[in-house]
Amino acid sequence: MKVAVFSTEKYDREFLEAANTATNANHEFIFHEARLEAKTATLAAECSAVCVFVNDDLGAETLKILAEHGTRLVALRSTGFNNVDLETATEVGIKVVRVSVYSPYSVAEFAIGMMMMLNRKLYKAYNRVRDDNFSLNGLLGFDLHSRTVGIVGTGKIGVIVGQILHGFGCHLVGYDPYPNPKFAEIGDARYVDLSELLGSSDIISLHCPLTPENHHLINAKTIAQMKPGVMLINTSRGQLIDTKSAIEGIKSGIIGYFGIDVYEQEENIFFKDLSDTIIQDDTFQLLQSFPNVLITSHQAFFTREAMNDIATTTISNITDFEAGNSLKNEVKLPEKVTVNA
Ligand code: NAD
């Protein structure tokens, strides 16, 4: 099948081509660096499928243009589909498939890395030593042992984060509207309501999907319920946090450490080399200026294992569609409000 692949980086090309060869799928990929949006949609003309990532825009306008030019399948290289207007996709006869599962260790281990990096100030230590500055002033951290960590969203990733932190000797509290027995089995882990989690945690790590209901789950009101000096980690979706309120929380000292791999307006910034440009997002720039903030560019998924899983499932999704098989990873309308990963 002829597939227009958007938001392509060298690594996407390598993993997709390797999986295409390994499975003898013989799909014809046309790689574009451009992000898919209404103004780039005609690049997919005569391609039966488009293959897209988290920051591609599959709103109504884009989908209508794609359909007019012969696209019948959207193959997401992500679990999440909050960037797809499923109603319009259904209306214009475009099927949507995703990668429903890939290495959850990739994201879980990265979240732990962010905690360690912020707590022990490894980003400062690395730069200091390279600068022949061997002073320890300002690098004081805390033992993770015996600290309470609140995990918001105890699905595949949240459970692994809990298991790793249990190894550190942390106490665990979880909040999830759909409790998971695997979480409750970890050490002393227990489910609490969100306000108890916010008030009792030394570290809060977000591992829930973005849904219309939890947009800005972390806002001025929820930040006010947190323990002063709390560490807040978000490797899920940027829009779970109201960034402006987080900035106020950092300035007031309630948020003592802030680690994010995702950002509300990341589609204008992440995955690009903007080192020669003036970034116009003042909120992002202010956030960057704080010494207790760690920002990474949506890279938590980026391990060999996860990339391999993503490429293999994407190829098999496209092959199933071409062969007229049932689509096991199809995203259907009713799922819209329950899962976005
Ligand atoms: P999952 O579906 O296995 O688990 C998500 C859990 O969140 C479920 O148990 C669900 O019940 C719970 N949940 C739903 N709404 C909630 C709410 N309002 N409050 C608390 N919990 C809620 O998903 P997963 O595979 O563990 O992924 C978790 C999230 O990680 C994804 O939704 C995605 O946003 C993010 N993610 C990020 C990256 C990255 O590279 N940064 C990569 C993959 C996934």
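Q: Which residues lie nearest the centre of the second largest pocket?
A: The model is predicted: local features need pLDDT of at least 70, side-chain atom pairs count only at pLDDT 80 or more, and totals for chains, interfaces and linings use all residues. On a 1 Å grid over the protein atoms alone, a pocket is an open set of points with protein on both sides within 12 Å along at least five of seven lines, and lining residues have an atom within 4 Å of a point. The second largest pocket has 21 lining residues. Nearest its centre lie Ser 7, Thr 8, Glu 9, Phe 53 and Phe 271.

Q: Which element gives the most residues to the lining of the second largest pocket?
A: Residues are numbered from 1 along each chain as its sequence is written, and side-chain values use heavy atoms, with hydrogens and water left out. Helices (H or I, at least four residues) and strands (E, at least two) are DSSP runs, numbered from the N terminus. Two or more lining residues come from helix H1 (10–22) and from H12. The element that gives the most, with 4 residues, is H1.

Q: How many charged residues are in the lining of the second largest pocket?
A: Ala, Val, Leu, Ile, Met, Phe, Trp, Tyr, Cys and Pro count as nonpolar, Asp, Glu, Lys and Arg as charged, and the others, Gly among them, as polar. The lining divides into 11 nonpolar and 3 polar residues, and its charged residues number 7.

Q: What is the volume of the largest cavity?
A: A cavity is a set of grid points where a 1.4 Å probe fits but cannot get out. Points are joined across faces, edges and corners, and a volume is the space filled by probe spheres set on them. The search of the whole structure finds 1 cavity of 30 Å³ or more. For the largest cavity, the volume is about 40 Å³.

Q: How many polar residues are in the lining of the largest cavity?
A: The lining residues include Asn 234, Gly 238, Thr 243 and Phe 258. By class, 5 lining residues are nonpolar and none is charged. The number of polar residues is 3.

Q: Why is the pair of Phe 270 and Phe 284 edge-to-face?
A: Rings of Phe, Tyr and Trp (its six-membered ring) pair if their centres lie within 6.5 Å; planes under 30 degrees apart count as stacked, over 60 as edge-to-face and the rest as tilted. By this rule there are 9 aromatic pairs. The ring centres of Phe 270 and Phe 284 are 6.4 Å apart, and the pair is edge-to-face because the planes stand at 75 degrees.

Q: Where does Phe 284 lie?
A: Phe 270 is in the loop between strand S11 (255–260) and helix H11 (282–288). Its partner is 14 residues apart from it, and the pair links distant parts of the chain. Phe 284 lies in helix H11.

Q: Is Phe 302 buried or partly exposed?
A: Buried means under 20% relative accessible area, exposed over 50%, and partly exposed in between (1.4 Å probe, protein chains only). The rings of Phe 301 and Phe 302 have centres 5.7 Å apart and planes at 55 degrees, so the pair is tilted. Phe 301 is buried at 6%. Phe 302 has 38% relative accessibility, so Phe 302 is partly exposed.

Q: Is Asp 202 buried or partly exposed?
A: Arg 147 and Asp 202 form a salt bridge at 3.8 Å, N to O. Arg 147 lies in the loop between helix H5 (122–130) and strand S6 (148–152) and Asp 202 in the loop between helix H8 (194–200) and strand S9 (203–206), so the pair ties together parts 55 residues apart in sequence. Arg 147 is partly exposed at 30%. Asp 202 has 14% relative accessibility, so Asp 202 is buried.

Q: Which helix holds both Glu 248 and Lys 251?
A: The side chains of Glu 248 and Lys 251 meet in a salt bridge at 3.9 Å, N to O. The two residues are 3 residues apart, about one turn of the helix. That helix is H10.

Terms used:
Salt bridge = Lys/Arg side-chain N within 4 Å of Asp/Glu carboxyl O.
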